[in-house]
Amino acid sequence: MTSKDFLTIIQKEATKTDYERYLKQLVYKKVSSDEKIAIFEVNNKYIASWIKSKFTNLIQHCFEIYDGSKPTIEIKLAGEKKSKKEILKEQVQNQTAESTILNPSYTFDSFVVGPSNQMAYNASLAVSNKPGIQYNPLFIYGGTGLGKTHLLQAVGNHAIEKGNTVIYVTIEQFMNDFTFSLKNKSMEHFRNKYRKCDVLLIDDIQFLSGKEQTQEEFFHTFNELHNAKKQIVMTSDRLPSQIAGLVDRLKSRFEWGLTADVQIPGLETKIAIIEKKSELNGISLSREIINFIATTLDNSIREIEGVLIRINASASLLNQEITLQMVQGLLKDQIKETKENIKLPDVINIVANQLNIKPSDIKSKKRTATVANARRIVIYLTRELTHNSMPDIAKFLGMKDHSSISHNIKKANELIEKDENFKVIIENLKNKIINKEW
């Protein structure tokens, strides 16, 4: 098999995103006949590690398709003299920590920075440049799907690039590793792994709650690393002081360095995230579609990534053009759920609060420009974001009939087309209502 033959086969077997981002970089060198090892080269060590961990079976399958063989797959860094297997063997023999395989797409360059995550980003970049010097430990906390793991692994990827040894695990993996080592009397290997690295990255540290024996071991691991000026970075969904079932001495140590939160992204940041993720995945979206996704989905970056994958898959597998109608169809379940959770009083209260007028004025007969504009916005957003009919809205606002509602919706649509400021106000309010910021 030639390298060209291999790429032709794997392009058909892999997803378009995986092929374009990772697999097309593989250069097939040879099969070692004595050991039946298929050797590939890649120019980037992170990509090499990622392909090895995620795509080995797929690569073997390509050989099965080609000639029925199933060689052992070896991914080497181009120009590397020793094989990966030999390097790992030496590391085990020397009982030193091995750098973890991280997601190569989780870098600082691919992270979208905004007011909601600026401090956490800057702190993460600082510790990756100078591990153990300042902000040790760094404790990043915030809600699910807001980018904590991305920042954590970006620290790791950057530190590895600078020649540091990095261990990244979830706290669950740490606990499982600890339990296994106790049972198999291999604690020396466990401690060498976690205490001889330059950077220790722990995800979801809140799940250490109530695990007394593991907390004791982690306490000693923390102390040894900190005393040796090795960097520790942890993520959690809450502050150390708010983690129930965590011993006080660990809580205090987690607060020794810097705690930085990742907050819910604002609308502008969400739009920037969608643009960045679309670019990285090779998806072309119009401004109209981007705005629709930003104002329809909740604040989870993970959910945004999932939707973009679905859009790309639908367009590719069904040979469809990516249109607003197509995206609306894919998101109909999320839209339905959102509408069911939003009530008319919610819309009035948040619009009144943001425009600094009384909710009672919106429901009154007043016709001043300010009140009329607020009323029009309420009507438009209520029709967009709830299941209420036009007669329902008219009744709630004390208006004569649905014809007045229809007129206001038409006027709002005209303003959205012509007035950029009005459009921004509408999108900002829609985002706040969807995310229940009232």
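Colleague: Does Asn-312 count as buried or exposed?
Modeller: A residue is called buried under 20% relative accessible area, exposed over 50%, and partly exposed in between, using a 1.4 Å probe and protein chains only. Because the relative accessibility of Asn-312 is 13%, the residue counts as buried.

Colleague: At what pLDDT do side-chain atom pairs count?
Modeller: Residues are numbered from 1 along each chain as its sequence is written, and side-chain values use heavy atoms, with hydrogens and water left out. This is a predicted model: totals for chains, interfaces and linings use all residues, local features need pLDDT of at least 70, and side-chain atom pairs count only at pLDDT 80 or more.

Colleague: Which residues does Asn-312 touch, not counting residues up to four places away in sequence?
Modeller: Asn-312 is placed in helix H14, residues 301–317. Contact means heavy atoms within 4.5 Å. With residues up to four places away in sequence not counted, the residues that Asn-312 touches are Thr-17, Asn-281 and Ile-283.

Colleague: How many helices and strands are there in the chain?
Modeller: Helices (H or I, at least four residues) and strands (E, at least two) are DSSP runs, numbered from the N terminus. On that basis the chain has 22 helices and eight strands.

Colleague: What percentage of the residues of the chain count as buried?
Modeller: The C-alpha trace spans about 85 × 60 × 35 Å along its principal axes. Among contacts between residues at least 6 apart in sequence, 70% join residues at least 24 apart. Of the 438 residues, the buried share is 48%.

Colleague: How far apart are the mean positions of the positive and negative charges of the chain?
Modeller: Lys and Arg count as positive and Asp and Glu as negative, while His and the chain ends are not counted. Each charge is placed at NZ of Lys, CZ of Arg, CG of Asp or CD of Glu. For the 61 positive and 52 negative charges, the mean positions are separated by 3 Å.

Colleague: Which residues does the UniProt annotation "binding site" cover?
Modeller: UniProt positions are given in the numbering used here, feature names are shortened, and annotations may be inferred rather than shown by experiment. According to the unreviewed UniProt entry, the "binding site" annotation covers Gly-145, Gly-147, Lys-148 and Thr-149.

Colleague: Which residues is Gly-147 in contact with, leaving aside its neighbours within four places in sequence?
Modeller: Gly-147 belongs to the loop between E4 and H7. The residue counts as buried because its relative accessibility is 15%. Leaving aside neighbours within four places in sequence, the contacts of Gly-147 are Phe-111 and Ile-301.

Colleague: What is the relative accessible area of Gly-145?
Modeller: Gly-145 sits in the loop between strand E4 (138–142) and helix H7 (148–161). Gly-145 is buried because its relative accessible area is 5%.

Colleague: What distance separates the C-alpha atoms of Ile-301 and Gly-163?
Modeller: Ile-301 lies in helix H14 and counts as buried at 12% relative accessibility. Not counting residues up to four places away in sequence, Ile-301 touches Gly-145, Leu-146, Gly-147, Ile-273 and Lys-277. Gly-163 is 138 residues from Ile-301 along the chain, and the two C-alpha atoms are separated by 30 Å.

Colleague: Is the peptide bond from Asn-136 to Pro-137 cis or trans?
Modeller: Most peptide bonds are trans. Pro-137 is located in the loop between helix H6 (118–129) and E4. With omega near 5°, the bond from Asn-136 to Pro-137 is cis.

Colleague: Is Lys-229 buried or exposed?
Modeller: Lys-229 is found in the loop between H10 and strand E7 (231–236). Although Lys-229 is not a glycine, its phi is positive, at about 60°. Because its relative accessibility is 59%, Lys-229 counts as exposed.

Colleague: What is phi of Asp-204?
Modeller: Asp-204 occupies the loop between strand E6 (199–203) and helix H10 (212–227). Asp-204 is partly exposed, with a relative accessible area of 27%. Most residues other than glycine have a negative phi. Asp-204 is not a glycine, yet its phi is positive, near 60°.

Colleague: How far does helix H19 reach from its first C-alpha to its last?
Modeller: The expected span of a helix is 1.5 Å times one less than its number of residues. Among the buried residues of H19 are Val-371, Arg-375, Tyr-380 and Leu-385. Helix H19 (residues 369–385) has 17 residues, and close to the expected 24 Å, its reach is 24 Å.
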